[in-house]
Amino acid sequence: MSFFGGGTDMPSFFNDYGGSVISTTFDKFCYVNVRHLPPFMPYMSELVHSKIERVNDIEDIEHPLIREAMRFHDIHEIRLTYEGDLPARTGLGTSSTFAVGMINAFCALKGKYMSKRMLAEEAIKLEREILKEHGGWQDQIAAAYGGFNRIDFKDNQFSVRPIIINPDRKKQLEENLMLFYTGIQRFSSDIQKNTFSNPQDKVKQLLDILSLVDEAESILSDKNVSLNEFGKLLDLTWKLKKGTGTKVTLSSIDDIYNKALQAGVIGGKLLGAGGGGFLLFYVEKDKQEYVKKALSELMAVPFNFEDEGASIVYYKPIVYIPRKEIILK
C-alpha cells in the first residue's frame, strides 16, 4: 500500500533525481507452496495459479514469472501452488509479492537462506531485467521487508528505514483509512508504459510528488500535527499523479472519488499505477458510515498493517533425486 512517492521508484527517474516512497504492508497475503513432484506422475511439473499447467519441460510453461524463476534457480520436477487474498492486476503489488514469495520458496527448497535485501534484489532482477516488465522497484522491496517504511532510491541502489511514529498514532492512522475495490483489473506495466514512456516529460510532476514524501514523514512523526493533514496530502498527491498520464484514472473512478469527498473523505488516491484496482481514503471515524453508504456499490475491504514481510511458514527439507536417476536405478 503505497502512500507517497509513487513513480519516483523508476530507475529512469531516480538515477538522475533520487526517489523516495512511503508505504506499508498489510494483512492480505499470497501463499506459495513448492515441493518436488513424486516420480509417478505422467508430467514433470504441475503449476497451479490462475490455471493449472502440467508440463514436461520448463520451456512449455506459459506463466512467464514461474518459467523464468525456475530457470534462474535451476528448479525442476515440482508442484507449485499459488493462492492470494487479493485479485491480481489491482495495484497492490500482487505480482511482485508472488515473485518474492516464489524466490523465497525456491531457495528454501534448495536449503538456501535469502535475506530480505537479497529477496528484493532478485525479484527486481526477475521482473524488471529478465522479463523486462515496465515498472518501479517499491513493490518488490515492500513485499520482502514488510512494515511501514520509507524507501529511498539512488544510483541503482535502495535503502529501507521504518517510519518513526508513535504506536497510538499509527493505530489511529490505520483506523482512519478505508479501502474500496473498484472491480477494475488492469496490467500495471501497460499503465506504467503509457505514463513513463518518456520520463523526461514528467520530471516536474514527479519532483512535486517526491517533495511530498518529506512532508508526509514529518506529519506522521510529529504528534502535535493533526493526522488529517496526512489525508489532505493524499488528495494532493492524487491530483499530481493524475497529471502524469492519460491512463492513470477513468471518469468512473473520478466520479467515485468525488462522491467520497462529498460523503466526508478528507483525501485519498487510487493505489498502484492507476487505471483501476483499489481506492484508499483517509476518513475520520465519525464519517466512515456515511462513506460506506455513499459507496455502497463498491466492496469495502477491512485491513490492518503488517510488519513481517516475506517469511517461510513451513519448512521441511527434501532430498531431491532427478526422475531420470531413479529410473536408471
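Student: At about what angle to β3 does helix α3 (residues 94-109) run?
Tutor: This is a predicted model, where local features need pLDDT of at least 70, side-chain atom pairs count only at pLDDT 80 or more, and totals for chains, interfaces and linings use all residues. Residues are numbered from 1 along each chain as its sequence is written, and side-chain values use heavy atoms, with hydrogens and water left out. Helices (H or I, at least four residues) and strands (E, at least two) are DSSP runs numbered from the N terminus; axes are lines fitted to C-alpha atoms, for helices over the stretch in contact, and angles run from 0 to 180 degrees between N-to-C directions. Helix α3 lies across β3 and β6, and its angle to β3 is about 30°.

Student: In what order do the four strands of the mixed open sheet stand?
Tutor: Strands pair if DSSP finds at least two bridges between them. The edge strands, each pairing on one side only, are β3 (30-36) and β5 (52-55). The twist averages 10° from one strand to the next. The order is β3-β6-β4-β5.

Student: Which residue in β6 stands opposite valine 34?
Tutor: β3 and β6 (residues 78-84) run antiparallel, joined by seven bridges. Opposite valine 34 stands leucine 80.

Student: Is asparagine 104 buried or exposed?
Tutor: Asparagine 104 sits in helix α3. Beyond neighbours within four places in sequence, asparagine 104 is in contact (heavy atoms within 4.5 Å) with Met114, Leu119, Ala310, Ser311 and Ile312. Buried means under 20% relative accessible area, exposed over 50%, partly exposed in between (1.4 Å probe, protein chains only). The relative accessibility is 9%, so asparagine 104 counts as buried.

Student: Within what arc do the buried residues of α6 fall?
Tutor: Helix α6 (residues 167-175) has Arg169, Lys170, Leu173 and Glu174 as its buried residues. Seen down the axis, they line one face of the helix, because they fall within an arc (taken from the directions from the helix axis to the C-beta atoms) of 145°.

Student: At the start of α6, which backbone nitrogen does a side-chain oxygen of asparagine 166 reach?
Tutor: The distance is within 2.8 Å. The backbone nitrogen belongs to aspartate 168.

Student: Which strands stand at the edges, each with a single partner strand, in the sheet that holds β10 and its neighbours?
Tutor: The sheet is open and antiparallel, in the order β10-β11-β9-β12. Each edge strand has a single partner, so one side of each is left without a neighbour in the sheet; the two are β10 (267-270) and β12 (299-300).

Student: In β12, what is the bridge partner of phenylalanine 180?
Tutor: β9 and β12 run antiparallel, joined by two bridges. The partner of phenylalanine 180 is alanine 300.

Student: Why is strand β2 (residues 19-26) largely enclosed by the rest of the structure?
Tutor: In a regular strand the side chains alternate between the two faces of the sheet. In β2 both faces are covered, with Gly19, Val21, Ser23 and Thr25 buried on one side and Ser20, Ile22, Thr24 and Phe26 on the other. Strand β2 is largely enclosed because the count of buried residues is eight of the eight.

Student: Which residue in β13 stands opposite phenylalanine 26?
Tutor: β2 runs antiparallel to β7, with six bridges. β2 and β13 also pair in the antiparallel sense, over two bridges. Opposite phenylalanine 26 stands phenylalanine 305.

Notes
Polar contact = N/O pair within 3.5 Å; in protein donor to acceptor, adjacent residues only side chain to side chain.
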